[in-house]
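Please walk me through this structure in plain terms. I would like to know how its parts are arranged and where they touch.

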Amino acid sequence: MSAFLRIRRAEWQKLRKSTIWLLILVGPFFSALMGGLDLSLPGEERWGELLTNMAAGQGLFFLPLFTGIFAAFVCRFEHLDGGWKQLLALPVSRATVYWVKLVIVLELIVAMQVIFLGAYWLVGELRGIPGDIPWKMVLTSVGGGVLGAIPIAALQLAVSVGWTSFAGPLSLGVMLTIPNILVVNSVKIGPWYPWAQPFLAMMPRLKEADAFGALNLSLPTILVVIAGGAVLFIAAGLTYFCRKEI
Amino acid sequence: MSQTTASQNTANRTPAGRTTASRGTLLGLFSSDCLKLKRTMALPLAILGPFGVVALTALNYGLRYDYLYKLYEGKHWSALISNTIFLSFLALLLGMSLLASQLAGREHQTHAWKQTLALPVSRLSVYTAKFLLLILLLSFSCLLLFGGTWLLGGLLGFGWEAPLAQLAIKSFYPLPAGLACLALQYGLSVAFRNQAIAMSVGVLGVVIGMYSISLPDFIIWKLPLLENNAGYPEWSVVAGTLLGVVLFTAWSLHFVRKDVN
């Protein structure tokens with residue numbers, strides 16, 4: 001465990017002076033910008049409407065896309081100028097290094113979601129929405145987004161470790177994210193598509209009449225799919241990284 | 001006296017030497033860039049883009065053929081073409097960022113800029129050659145998209161007599177209309193060694209593109225969608241090309257003065 005913490009600290013040291021914090025702000029900023037503009041429901045119902053609007057952008061695009069960018073980012077230093085061999089020449093196990101990288105990506109995602117929460121509150125206050133924030137709904141949504149991003153983070157990290165180019169893994173991520181527009185409309189494919197999970201987990205439960213496509217799946221169903229995907233992709237990535245020639 | 005002659009000789013020789021060199025430079029650099037492309041992901045990506053767009057449209061039609069067939073009764077071809085361009089212009093925006101980043105990133109990663117610039121070539125030619133190569137690769141993608149959409153429509157049973165003019169407009173116009181985006185991405189990829197910067201801007205551009213239908217016309221990521229207030233796709237093409245030339249010139253001036261290592 002202490003090895004894990006020490007490597008984690010070293011990883012943060014590498015990220016500290018980078019521009020990555022700027023990337024964390026982009027998603028929440030744009031989803032707030034796009035989601036906060038037209039609100040039509042009366043009174044306290046607006047909190048729910050605002051969440052639906054903002055979660056749509058964040059879950060459908062920003063979470064899957066930025067997960068890919070973060071994963072590529074934590075591998076960038078190692079791909080440059082033989083960083084992998086320097087890192088792995090230290091008395092650390094490859095599996096620990098891999099876990100640390102994954103945890104760093106997830107921590108960045110959590111940070112992004114926390115800022116999303118802040119942006120949500122800010123937009124709500126600025127638009128003068130009356131009443132209290134529906135905390136249970138909002139926290140389920142924000143937390144669900146983090147969980148939904150885990151399988152994507154695992155897969156993107158596996159690809160980023162293997163692919164030296166920064167653009168390569170990212171293009172894979174974007175190419176698999178664009179179909180989201182179509183996939184979430186499908187009851188059959190939607191629940192099984194990893195890139196749609198953040199969206200499905202983040203969207204608040206809608207009234208029967210408003211729900212479409214794969215929305216309003218029961219939370220246990222989503223969680224099972226997410227857990228299955230996460231286990232599969234983490235196992236694949238770990239196995240690959242532990243046997244990879246550096 | 002002899003010194004003056006020597007300097008005169010050099011003065012006489014240099015302009016002539018320069019013209020012979022510059023005649024071959026751009027072409028030579030271009031073919032050397034083509035050579036560097038071998039065994040990289042650039043060409044597969046240029047093929048994969050249009051293939052993915054056509055495959056996704058096919059999937060969309062395959063999943064709900066009856067519904068869409070009824071919905072677009074009587075205007076199957078134009079519906080297919082407008083459905084395709086909404087995906088293809090996003091793929092094009094993405095492809096621009098990716099290819100630009102790949103081409104420039106490889107030079108950064110292998111410290112090849114200083115090697116190339118140590119040769120007797122002008123910096124402007126070095127910068128232009130890669131840009132031309134990008135345009136060539138993307139034109140190839142557009143051509144594949146043109147053929148692929150035609151093939152898909154035919155296979156879906158819309159008849160093989162497609163409205164070719166409309167299909168050609170929606171397949172080929174987005175590239176010149178997106179020249180501004182391409183110039184921006186290419187400039188960023190070359191200027192910053194850290195490809196995360198260019199790629200983040202590129203990804204952001206794709207997301208802005210997704211929402212661009214409701215955004216004002218001067219947003220450069222909207223131009224390749226060919227939608228504008230004027231109502232002519234040519235407006236987007238002209239605006240995109242002009243802006244592209246301006247951006248390309250600005251970035252090339254930056255490259256000419258840049259310190260490379």
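In this predicted model, 21 residues of chain A are in contact with 22 residues of chain B; two residues are in contact if their C-beta atoms, placed from the backbone, lie within 7 Å. On the side of chain A that touches chain B, the elements giving two or more residues are helix H2 (20-35), helix H3 (45-79) and helix H7 (167-177) of chain A. H7(A) supplies the largest share, 6 residues. Sorted by class, this side of chain A holds 16 nonpolar, 4 polar and 1 charged residues. Here Ala, Val, Leu, Ile, Met, Phe, Trp, Tyr, Cys and Pro count as nonpolar, Asp, Glu, Lys and Arg as charged, and the others, Gly among them, as polar. Helices (H or I, at least four residues) and strands (E, at least two) are DSSP runs, numbered from the N terminus.

Residues are numbered from 1 along each chain as its sequence is written, while chains are lettered from A and ligands numbered from 1 in the order in which they are written. Because the model is predicted, local features need pLDDT of at least 70 and side-chain atom pairs count only at pLDDT 80 or more, whereas totals for chains, interfaces and linings use all residues.

One helix pair joins the two chains. H7(A) and H10(B) pack at an angle of about 15°, with their axes 11 Å apart. H7(A) is therefore roughly parallel to H10(B). The axes are lines fitted to C-alpha atoms, for helices over the stretch in contact, and angles run from 0 to 180 degrees between N-to-C directions. Angles under 35 degrees count as roughly parallel, over 145 as roughly antiparallel, 65 to 115 as roughly perpendicular and the rest as oblique. Ala167(A), Leu170(A) and Val174(A) of H7(A) meet Gln195(B), Met199(B), Val203(B) and Val206(B) of H10(B). This contact has 6 nonpolar residues, 1 polar and no charged.

H10(B) also has a partner within chain B. Helix H9 (residues 179-191) and helix H10 (residues 195-210) of chain B pack at an angle of about 160°, with their axes 8 Å apart. H9(B) and H10(B) are therefore roughly antiparallel to each other. On the H9(B) side the contact residues are Cys181(B), Gln185(B), Leu188(B) and Ser189(B), and on the H10(B) side Gln195(B), Ile197(B), Ala198(B), Val201(B), Gly202(B) and Gly205(B). This contact divides into 5 nonpolar, 5 polar and no charged residues.

Chain A as a whole has 10 helices and 0 strands. Its C-alpha trace spans about 60 × 40 × 30 Å along the principal axes. Buried residues make up 44% of its 246 residues; a residue is buried if 20 or more other C-beta atoms lie within 10 Å of its own, exposed if 12 or fewer, and partly exposed in between, with C-beta atoms placed from the backbone.

Two loop residues of chain B remain. Most residues other than glycine have a negative phi. His111(B) has a positive phi near 50° and is found in the loop between helix H4 (76-109) and helix H5 (112-117) of chain B. His111(B) is exposed, with 12 other C-beta atoms within 10 Å. Leu226(B), with a positive phi of about 65°, lies in the loop between H10 and helix H11 (233-257) of chain B. Leu226(B) is buried, with 22 other C-beta atoms within 10 Å.
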